[in-house]
Amino acid sequence: QGKPVHALEDLTRLLANSIFGLAGFIDVASMAGVPDNDEDFGQTLGVWGMGSGPFIVFPFLGPSSARDGVGLVADWFTDPLYYMNDDQWRFRLRALNIVDTRADLSSASRVVDEAALDPYAFIRDAYLQRRESLVYDGNPPEPDE
């Protein structure tokens, strides 16, 4: 994405957690205050100028856009779990990842249930605004009037 500061922070996280965090089992980089830059290929496409496209809700995967759907495919093939040969461990780790993601989203679903008059429109608008903010690292351009 052309973000050298983020690349250096991510390299620092990798080295710190690999060397001092018992091969990554302990997140010492977070304890040391090194930021976690969680980027995905959908954001990269957005940085490169691709528009978000239509809003889509994938079964089991949740809200997305056409751009992020394409990015999801690229993210899938760059995930080390995709190349793991032991099926049992790969499925267990995928299931653990799904449970962790769902636990992170449980508070968001309560907000939707309590605050939204139209849940679909609420989720669509919130998702698209959040993704735009992530593409521009929290500083999206002013909307055209």
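**Close-up 1. Lining of the second largest pocket in the predicted model.** The residues that line this second largest pocket divide into one nonpolar, four polar and three charged, where Ala, Val, Leu, Ile, Met, Phe, Trp, Tyr, Cys and Pro count as nonpolar, Asp, Glu, Lys and Arg as charged, and the others, Gly among them, as polar. They are Q1, G2, K3, H6, A7, D10, N37 and E39. A pocket is an open set of points on a 1 Å grid over the protein atoms alone, where a 1.4 Å probe fits, with protein on both sides within 12 Å along at least five of seven lines, and its lining residues have an atom within 4 Å of a point. This is a predicted model, in which local features need pLDDT of at least 70 and side-chain atom pairs count only at pLDDT 80 or more, whereas totals for chains, interfaces and linings use all residues. Residues are numbered from 1 along each chain as its sequence is written, and side-chain values use heavy atoms, with hydrogens and water left out.

**Close-up 2. The largest pocket.** About 2,300 Å³ of space lies in the largest pocket, and of the 40 residues that line it, L61, L72, N97, T101 and L105 are the closest to its centre. The largest share of its lining, twelve residues, comes from α5, a helix being a DSSP run of H or I with at least four residues, numbered from the N terminus.

Terms used
Points joined across faces, edges and corners; volume = space filled by probe spheres on them. Helix = DSSP H or I, 4+ residues; strand = E, 2+ residues; numbered from the N terminus.
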